[in-house]
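Please look over the model below with these notes beside it.

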Amino acid sequence: RLVRVLIPFVLLASVWLVLESTGVHSRLLQSGAVAADSAPKFLARSQNLRGRALSDEVQEAKGFGAQLKNLFWMVVTQFIYGAIYYFLVVSKYPDLENPANVTPGAKEIQEKDECSATFASSCPNCLLSWCCMGPRAAHTFKSTGILNYWLGLFLMALFPCITLCFTNACTDMNERLGGQPRGTVKSCICAFCCSCCVVTQDAEALDKMTGQKTGFCGVSEG
């Protein structure tokens, strides 16, 4: 029995002596110490990375919230200007009753490209189209019977280029204003590259068709 008990201890002692003589035992101890020292650093680094990730998520959320806030105030501002413009100008402006009766002035404006038509337009139409584009475009939509004024104003506040492309390419607004049907590609290029020029050309053509003269604060006979 004593021999059976001593044999495992002798084997363990032999293995220990071999490990000690070859230096493996000391290396294992050093590796354990290094691992023990590295564990807190690894935990601290992972916590820092997690903190940075959370900080980035917070910053992205704040940035998205700021964009929504800016969009909201942009829409509100458009509606405030649009309401003022409606009561000063649009409510006094007649609708286009006989679009088939094309006037020479409207036809001449529509035959020009958008940039040339802008230089041939009146000062109020130019400034309103460039500084108050949504209400001025909605005015044209309403007077030509394409869209309700407030719906057009809302769409111009959120999707100005898409709305202009749609009204020029997918409706008969250009024909009602004395022009020709506009292709989708050309409408998209003009709407996205110079949307203010598109609004100016349509506004001037509308004045020529109705015989009115749009002012900053009212309407007069053209």
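The points below go from the chain as a whole to its aromatic residues and then to a surface patch.

1. The model is predicted. Its chain holds 11 helices and 2 strands. Read from the N terminus, the order of elements is α-α-α-α-α-α-α-α-α-α-α-β-β.

2. Burial and surface. The chain has 222 residues, of which 34% are buried. Its accessible surface comes to about 13800 Å², and carbon and sulfur atoms account for 65% of that area.

3. Contacts along the chain. Take the contacts between residues at least 6 apart in sequence: 73% of them join residues at least 24 apart.

4. Aromatic pairs. How many aromatic pairs does a search of the whole structure find? The search returns 6. One of them is formed by Tyr86 and Trp150, with ring centres 5.2 Å apart and planes at 40°. Stacked pairs need planes under 30 degrees apart and edge-to-face pairs need over 60, so the Tyr86 and Trp150 pair counts as tilted.

5. Where that pair sits. Tyr86 belongs to helix 2 (residues 24-88), while Trp150 belongs to helix 7 (residues 149-158). Tyr86 has a relative accessible area of 21% and is partly exposed. Trp150 is also partly exposed, at 32%.

6. Is Tyr149 buried or exposed? Tyr149 is buried, because its relative accessible area is 2% and the cut-off for buried is under 20%.

7. The cluster. Which residues form one aromatic cluster with Tyr86, Tyr149 and Trp150? Phe79 and Phe87 complete the group. When viewing the cluster, note that it includes the buried Tyr149 together with the partly exposed Tyr86 and Trp150.

8. A nonpolar patch. Ile80, Tyr81, Ile84 and Leu88 make up a nonpolar patch on the surface. Together these residues have about 380 Å² of accessible area. With a relative accessible area of 49%, Tyr81 is classed as partly exposed, since exposed residues need over 50%.

Note on methods:
Residues are numbered from 1 along each chain as its sequence is written. This is a predicted model: local features need pLDDT of at least 70, side-chain atom pairs count only at pLDDT 80 or more; totals for chains, interfaces and linings use all residues. Side-chain values use heavy atoms; hydrogens and water are left out. Rings of Phe, Tyr and Trp (its six-membered ring) pair if their centres lie within 6.5 Å; planes under 30 degrees apart count as stacked, over 60 as edge-to-face and the rest as tilted. Helices (H or I, at least four residues) and strands (E, at least two) are DSSP runs, numbered from the N terminus. Buried means under 20% relative accessible area, exposed over 50%, partly exposed in between (1.4 Å probe, protein chains only). Contact means heavy atoms within 4.5 Å. Accessible areas come from the Shrake-Rupley method with a 1.4 Å probe; for residues, only the protein chains shown count as cover. Patches are made of residues with over 30% relative accessible area and no salt bridge: like charges are joined within 9 Å, nonpolar side chains (Val, Leu, Ile, Met, Phe, Trp, Tyr) within 5 Å. A salt bridge is a side-chain nitrogen of Lys or Arg within 4 Å of a carboxyl oxygen of Asp or Glu.
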